Amino acid sequence: MAERTKAHEMAEKQREISVSEFFAKNRHLLGFDNPRKALLMAVKEAVDNSLDATQEAGILPDIYVELQQIKEDRFKVIVEDNGPGIVKEQIPKIFGKLLYGSKFHRLRQSRGQQGIGISAVLLYGQLTTGKGMHVTSRISPKHQAHYFEIHLDTQKNDPIIKEDKTVEWKKEHGVRIEVELQGTYQKGKQSVDEYIKEIALINPHAQITYRTPEKETLTYARVMNELPKEAKEIKPHPYGVELGVLIRMMQSSSAGTLSAFLQGDFSRISQQLAHEICEKAKLNPRARPSTIARDEAESLFGSIQNTKIIAPPTDCLSPLKEEALIKGLKKEINAEFYCAVTRPPSVYRGNPFLIEVGLAYGGSLEKEEHIKIMRFANRVPLLYQQGACATTESIMDTAWKSYGISQSKDSIPVGPVIVVVHMASVWVPFTSEAKEAIAHYPEIIKEMKLALQEVGRQMASYIRKNVRAREQQERINLFEKYIPELANSLSNLTGEKKEKIQEELEKILKKNMKDLLSDVKEAEQTEIKGKNVAFGEKQTTLGDTDAS
Ligand SMILES: Nc1ncnc2c1ncn2[C@@H]1O[C@H](COP(=O)(O)OP(=O)(O)OP(=O)(O)O)[C@@H](O)[C@H]1O
Ligand SMILES: [Mg+2]
């Protein structure tokens with residue numbers, strides 16, 4: 001008999017790891033690393049899905065969220081929407097299988113993209129309470145509502161259906177989920193309350209009702225009656241595809257020829273361009289894509305990189321736009337000045353994206369604290385990992401001092417400001433599966449900085465025109481008030497007549513006032529000049545004060 005080696009011994013322990021087992025052990029990768037965050041993740045995954053589904057179906061969202069405290073550290077999360085519902089056959093897999101969804105294989109701007117979100121909530125709930133998820137769904141008034149209780153078999157990564165029945169439901173269409181999980185509820189930064197407030201700000205077309213664990217009902221009213229512009233699906237841009245992906249695409253393509261494959265499976269490749277690429281790679285455009293060998297694929301890949309191909313289409317992006325951003329800010333934040341900038345679309349790794357920034361200044365905002373940063377990706381608030389996010393780097397890299405806000409070198413500035421940064425893209429490059437921070441692509445950081453500079457300049461202009469003048473006037477008033485008293489003391493000291501001294505002091509004040517006011521004017525002039533130079537090409541900015 002052959003000798004039994006260490007390798008044989010090790011072989012006995014080697015086996016497949018199911019994706020559910022992996023994520024059950026590494027739940028922090030999905031954002032479930034502590035009970036407070038877990039409660040937030042459950043609400044967030046469900047609400048994000050409801051907003052995606054209603055948007056895709058062209059329905060103005062009406063979403064209900066409820067948190068019921070069952071024990072000290074146990075909650076029931078309920079989320080209900082008026083979306084298109086989910087067909088009965090799909091329900092078990094959607095909720096009871098990780099990596100199952102409709103968004104991963106498409107390049108389309110949506111909140112979800114991985115097909116993990118809601119099943120991760122079920123997995124976490126089941127791990128911490130032993131209970132499954134209760135799902136009710138109805139797809140039209142003509143169909144009956146279906147109710148399921150679903151668990152997840154972590155070894156197989158498959159759903160287990162515990163109950164399946166039709167039920168009465170007064171809703172005509174939509175989805176309702178209920179899940180129990182271990183969690184803790186705390187108000188403040190990074191809380192469910194904060195998430196709901198921010199999601200309402202960035203989705204002014206949504207109506208959200210939130211019942212807190214303290215049984216208080218908060219309503220975030222809809223402030224816009226139009227749905228966001230439809231986000232179109234696009235094909236990948238050739239520049240954004242890696243060699244391995246190109247090979248896989250060729251193997252699974254239904255195209256009969258290499259030329260048809262290049263034209264049909266990518267964006268921006270015409271017949272002429274497809275032939276040019278094949279020619280450069282010394283490949284026959286009529287060859288079957290599945291017969292292309294690895295080294296041939298490599299020369300095809302090189303040839304793509306060396307061919308000039310126009311940037312991907314950008315009508316696939318659905319930004320909020322300045323007006324909606326300002327409306328959202330005004331709804332949630334009490335400030336004195338608001339402005340917003342939507343940048344033109346740009347591209348990273350072949351993926352179109354767009355940055356927009358909103359800013360609120362003054363009013364009830366705290367003067368002595370770091371400015372507040374609100375980060376959003378495809379209209380979803382990002383509440384964790386601020387330090388690791390491209391947004392934060394861009395803010396720290398912007399020279400806020402020149403916009404009238406104090407800042408120590410390369411850090412978050414201090415002042416009465418809230419900055420909202422929104423990235424819209426067909427694929428947001430998150431730093432992890434928990435979708436908490438945006439990766440540091442230079443193209444993304446550059447766009448963020450340009451947008452921040454534009455709102456910074458508008459704020460600086462407002463500060464110079466209004467705030468500085470107001471402060472100078474306050475100083476002048478204060479001085480004016482003390483002139484008679486000062487004249488009196490000086491008269492006692494010098495023996496000069498009080499009236500004469502007072503007259504002289506008033507003259508000095510008048511002269512200084514003139515100088516001060518002309519300083520403010522001059523600053524304004526310089527600001528306007530600077531603006532003309534910087535935005536000579538295109539102005540896509542809106543500024544708005546609360547008074548207007
Ligand atoms: N409320 C809902 N209404 C209609 N369809 C839904 C709803 N919730 C989920 N779905 C469908 O279930 C799929 C899986 O949802 P899931 O949250 O697991 O993944 P995802 O949203 O695609 O990506 P991510 O992991 O980034 O959240 C979605 O792609 C969508 O097709
Ligand atoms: Mg999702």
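Helix 3 passes helix 6 in a right-handed crossing. This crossing belongs to a predicted model of a protein with 548 residues, of which 39% count as buried. The secondary structure comes to 14 helices and 15 strands.

**Overall picture**

- Along its principal axes, the C-alpha trace of the protein spans about 120 × 65 × 60 Å.
- Contacts between residues at least 6 apart in sequence can be sorted by how far apart the two partners are, and 72% of these contacts join residues at least 24 apart.

**Helix 3 and helix 6**

- Helix 3 covers residues 35–57 and helix 6 covers residues 192–202.
- The axes of helix 3 and helix 6 come within 9 Å and cross at roughly 25°.
- Angles under 35 degrees count as roughly parallel, so helix 3 is roughly parallel to helix 6.
- On the side of helix 3, the contact is made by L39, L40, V43, K44 and V47.
- On the side of helix 6, V192, Y195 and I199 take part.
- By class, the contact of helix 3 with helix 6 has seven nonpolar residues, one charged residue and no polar ones.

**Helix 8 and helix 9**

- Helix 8 is made of residues 258–265, and helix 9 of residues 271–280.
- The axes of helix 8 and helix 9 come within 9 Å, and the crossing angle is roughly 125°.
- That angle makes helix 8 oblique to helix 9.
- The crossing of helix 8 and helix 9 is right-handed.
- Helix 8 brings L258, S259, L262 and Q263 to the contact, where these residues meet Q271, A274, H275, I277 and C278 of helix 9.
- By class, the contact of helix 8 with helix 9 has five nonpolar residues, four polar ones and no charged ones.

**Helix 7 and helix 10**

- Helix 7 is formed by residues 243–252, and helix 10 by residues 294–305.
- Helix 7 and helix 10 pack at an angle of about 115°, and their axes are 10 Å apart.
- Helix 7 passes helix 10 in a right-handed crossing.
- In this contact L243, L246, I247 and M250 of helix 7 meet R294, A297, E298 and F301 of helix 10.
- By class, the contact of helix 7 with helix 10 has six nonpolar residues, two charged ones and no polar ones.

- Most residues other than glycine have a negative phi.
- K282 is not a glycine, yet its phi is positive, at about 55°.
- K282 is found in the loop between helix 9 and helix 10.
- K282 counts as exposed because it has 10 C-beta neighbours inside 10 Å, and a residue with 12 or fewer is classed that way.
- K435 also is a residue other than glycine with a positive phi, near 55°.
- K435 is found in the loop between strand 14 (417–425) and helix 13 (442–494).
- K435 counts as buried because it has 27 C-beta neighbours inside 10 Å, and the cut-off for that class is 20 or more.

How values were computed
Residues numbered from 1 in each chain as written. Chains lettered and ligands numbered in written order. Predicted model: local features only at pLDDT ≥ 70, side-chain atom pairs only at ≥ 80, totals over all residues. Helix = DSSP H or I, 4+ residues; strand = E, 2+ residues; numbered from the N terminus. Contact = placed C-beta atoms within 7 Å. Axes fitted to C-alpha atoms, helices over the stretch in contact; angles between N-to-C directions. Parallel < 35°, antiparallel > 145°, perpendicular 65-115°, else oblique. Left-handed = near helix turned anticlockwise from the far one by under 90°. Nonpolar A, V, L, I, M, F, W, Y, C, P; charged D, E, K, R; others polar.
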